[in-house]
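Please look over the protein chain shown here.

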Amino acid sequence: MSDNLCMALRSGPLVVVAAAVLWGTAGTAGAVAAADPVPLAAARLVLGGAVLASVAAFTRSRRANPQVAARGRGVVPWGQVLAAGAVAGYQLCFFAAVQRTGVAIGTVVAIGSGPVFTGLLSWLIGREPPSRRWTFATAAAIAGCAVLVWGGVSGGVTGGADPWGIALALFGGLLYAFYAVVASQAIGRGTESAIVMGVLFGGAAVVMLPVLLVTGAGWLAHPRGLLATLYLGCATTALAYLLYGRGLRTTPVATAATLALAEPAVAALLGLVVLHEHLSPLSWGGLALLGLSLAVVALPGGTASGPAERVPARLGSVP
């Protein structure tokens with residue numbers, strides 16, 4: 001059993017899917033919190049970023065070579081600083097888009113455009129085009145995501161197709177792609193994945209703290225709100241992004257972004273089981289298409305570009 005677990009932890013696609021599963025539980029946990037989405041997202045990011053920053057500091061202090069640790073201490077590339085802002089910006093763009101154009105359209109455009117932008121950015125940076133397999137599987141996965149979301153909405157749309165709302169959702173997808181590619185590049189150069197995630201989300205926590213204070217945090221005094229926030233921050237943010245960072249060691253970032261589309265599938269299934277929601281036959285079809293597409297991407301040889309094992313084995317393990 002332990003050998004199987006170790007093999008799973010060394011499989012980049014499986015670890016990325018595990019992170020997506022945790023992300024998919026966020027909606028159910030948020031429903032328990034009974035808080036407005038913006039302060040809840042801010043609290044989640046502040047707590048999760050603080051945990052990731054602490055893990056990064058611990059990982060840096062445990063490095064085997066003190067000279068390497070001393071040389072890297074206090075030096076944060078500007079790309080990672082901008083990526084930290086992108087982490088916070090994605091949250092704000094997503095909720096602003098949902099407010100303007102509805103949950104269905106905002107979610108599909110923001111989440112669905114992420115893998116596309118990630119593949120394009122990876123192509124521009126890595127100079128290697130995506131494979132046909134990744135392209136077709138990603139297109140099918142996005143289509144499945146769209147059908148899953150729209151199929152469960154009466155009339156297909158919950159809000160108007162506001163152009164500014166769609167633009168915000170697209171910009172959010174671009175921000176997600178940017179910080180995912182920056183993280184992948186830093187990990188590929190040999191930086192510990194835990195440290196990269198600590199820098200990105202620790203910085204985002206600093207940005208989102210004023211948002212939390214302005215929008216109000218009184219709901220955290222209630223047990224339901226506090227417990228939900230603890231789960232959202234520690235599990236769906238800190239643990240999920242530690243897993244995601246580990247997965248980026250051996251999985252091309254474009255492939256990882258496509259596999260992350262497992263998130264809406266998990267959210268739909270949890271809504272069905274826990275919240276007693278109903279899925280239409282069309283939504284079940286979208287769920288099946290999404291699952292099949294993700295399986296195609298996760299299979300060996302389904303990477304976006306370049307060899308999968310592209311990160312040096314000298315990287316230590318994430319605690």
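**The chain as a whole**

The model is predicted. Its protein chain has 14 helices and zero strands. Of its 319 residues, 49% count as buried. Among contacts between residues at least 6 apart in sequence, 89% join residues at least 24 apart.

**Two helix pairs**

Two packed helices are described by the angle between their axes and the distance between the axes. Here are two such pairs.

| Helix pair | Axis distance | Crossing angle |
|---|---|---|
| α9 and α11 | within 9 Å | roughly 60° |
| α2 and α13 | 7 Å | about 45° |

Start with α9, residues 163-188, and α11, residues 223-248. What does their angle make them? At roughly 60°, α9 and α11 are therefore oblique to each other. Their crossing is right-handed. On the α9 side, the contact uses Y176, Y179, A180, A183, S184 and I187. On the α11 side, it uses Y241, Y244, G245 and L248. By class, the residues of this contact are eight nonpolar, two polar and no charged.

Now take α2 and α13. Their axes lie 7 Å apart, at an angle of about 45°. That makes α2 oblique to α13. The crossing of α2 and α13 is right-handed. From α2 come A20, V21, W23 and G24. From α13 come A262, E263, V266, A267 and L270. The contact of α2 with α13 has seven nonpolar, one polar and one charged residues.

**The nonpolar core**

How many residues make up the largest nonpolar core? The number is 75. Y179 and Y244 have the most contacts inside this core. The largest share of the core comes from α9, with ten residues. Y179 and Y244 also belong to the contact between α9 and α11.

Y244 has partners from several parts of the chain. Leaving out residues up to four places away in sequence, Y244 touches V16, A19, W23, Y176, A180, M197, A256 and A257. One of these, W23, also takes part in the contact of α2 with α13.

T229 and T237 are next. T229 lies in helix α11. T237 lies in helix α11 too. Are they buried or exposed? T237 has 2% relative accessibility, so T237 counts as buried. T229 has 5% relative accessibility, so T229 counts as buried.

Neighbours within four places in sequence are left aside for both. T237 is in contact with R44, G48, L52, F201 and L232. T229 touches L40, A43, R44, L47, W219 and L220.

T229 and A42 are 187 residues apart in sequence. In space, their C-alpha atoms are 9.9 Å apart.

**Helix α3**

Helix α3 covers residues 26-33. Its buried residues are A26, T28, A29, G30 and A33. Which helices do these buried residues pack against? They pack against α2, α4, α11 and α13. Of these, α2 spans 12-24, α4 spans 37-61 and α13 spans 262-273. After α3 comes A34. The phi of A34 is positive, near 55°.

Conventions
Residues numbered from 1 in each chain as written. Predicted model: local features only at pLDDT ≥ 70, side-chain atom pairs only at ≥ 80, totals over all residues. Heavy atoms only, no water. Axes fitted to C-alpha atoms, helices over the stretch in contact; angles between N-to-C directions. Helix = DSSP H or I, 4+ residues; strand = E, 2+ residues; numbered from the N terminus. Parallel < 35°, antiparallel > 145°, perpendicular 65-115°, else oblique. Left-handed = near helix turned anticlockwise from the far one by under 90°. Contact = heavy atoms within 4.5 Å. Nonpolar A, V, L, I, M, F, W, Y, C, P; charged D, E, K, R; others polar. Core = buried A, V, L, I, M, F, W, Y, C linked by side-chain atoms within 4.5 Å. Buried < 20%, exposed > 50% of the residue type's maximum accessible area, 1.4 Å probe, protein only.
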